[in-house]
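Subject: Structure handover and findings

Hello,

Please find the structure below. My notes on it follow.

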Amino acid sequence: MADRGPVTRQSSAHDGLPHRCTSGDSDPEQVAQVEPVLSMRPFAKSARLRTRSQLLYVKTNGPRRAGRYCVVSIARPVDGQRRFAIITSRRYSKRAVDRNRARRLLREAYRHLLPRMLPVWVVFIPRHATLKAGLRDVLLEVEASLTRLGVLNQDDACTLTDVEQGGTA
């Protein structure tokens, strides 16, 4: 078999960081300086609920609020970190394009409300009405659901003009 040349490294969450900060034998003080940068990524793998057991924990140990556009379930975090998941199965829509749009809308609503949220585990399940909804509708409903569940701080309210202009909360 012919030599194909050097193996190129795939992109990862550590791209852009000095190599000494990503290796296992790094100085703990250097890693501590890098940690805040990585923890500010709200959609990183470490900020998501990824296992069946985590999703079952949220389903069984916390309240849920069903609205017109989505179902929101929350639970007290086991590890003290804020995590989230969006569940869109083929039952929601056979078309991947529709499932992806629902995920994007819910992810954007979550991003806008993130600075006001307490550390909880949140699971979003979109409903069929999300197919025809806009970001404004979904954001209002998610905000109302999380407020009723007692997860949002009212100090730093997000205005709709922020969303319409593409700004953050």
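In this predicted model, residues 24 or more positions apart account for 75% of the contacts in the chain with a separation of 6 or more. Contact means heavy atoms within 4.5 Å.

Conventions, briefly. Residues are numbered from 1 along each chain as its sequence is written. Local features need pLDDT of at least 70, side-chain atom pairs count only at pLDDT 80 or more, and totals for chains, interfaces and linings use all residues, while side-chain values use heavy atoms, with hydrogens and water left out.

Overall layout

The chain has 5 helices and 4 strands. These are DSSP runs, numbered from the N terminus: helices are H or I with at least four residues, strands are E with at least two. Along the sequence the order is α-α-β-β-β-α-β-α-α. The chain has 169 residues, and 33% of them count as buried. Buried means under 20% relative accessible area, exposed means over 50%, and partly exposed lies in between (1.4 Å probe, protein chains only).

The strands around β4

β4 covers residues 121-126. Of its 6 residues, 5 are buried.

Some partners, for orientation. C70 stands opposite P126 in β4. R83 has W121 as its bridge partner in β4. F84 has V122. From β3 the chain crosses through α3 to β4, and this β-α-β crossover is left-handed. The convention: with the strands pointing away from the viewer, a right-handed crossover runs clockwise from the first strand over the helix to the second.

β3 has two sides. R83 and A85 point one way, F84 and I86 the other, and all are buried. In a regular strand the side chains alternate between the two faces of the sheet.

α3 spans residues 96-113. It has 18 residues and reaches 26 Å from its first C-alpha to its last, close to the 26 Å expected at 1.5 Å a residue. The expected span is 1.5 Å times one less than the number of residues. Its buried residues are D98, R99, A102, L105, L106, A109, Y110, H112 and L113. Seen down the axis of α3, they fall within an arc of 170°, so they line one face of the helix. That arc is taken from the directions from the helix axis to the C-beta atoms.

α4 (residues 135-148) has 14 residues, which should span 20 Å at 1.5 Å a residue; its end C-alpha atoms are 20 Å apart, which agrees. V138, L139, E141, V142, E143, S145 and L146 are buried in α4. G150 follows α4, with a positive phi near 80°.

Salt bridges

How many salt bridges are there? The count comes to 4. The rule asks for a side-chain nitrogen of Lys or Arg within 4 Å of a carboxyl oxygen of Asp or Glu. Side chains of opposite charge can pair when their charged atoms come close. Three of these pairs:

- D79 and R83: 2.7 Å, N to O. D79 is partly exposed, at 36% relative accessibility. R83 is buried, at 12%.
- R95 and D98: the closest N and O atoms are 3.2 Å apart. D98 is buried, with a relative accessible area of 17%.
- E108 and R111: 2.5 Å, N to O. They are 3 residues apart in α3, so about one helical turn separates them. E108 is partly exposed at 25%, and R111 is partly exposed at 27%.

P119 lies in the loop between α3 and β4. Leaving out residues up to four places away in sequence, P119 touches P77, G80 and R82. P119 and R83 are 36 residues apart along the chain, and their C-alpha atoms are separated by 7.8 Å.

Best regards

Methods:
Two strands pair if DSSP finds at least two bridges between them.
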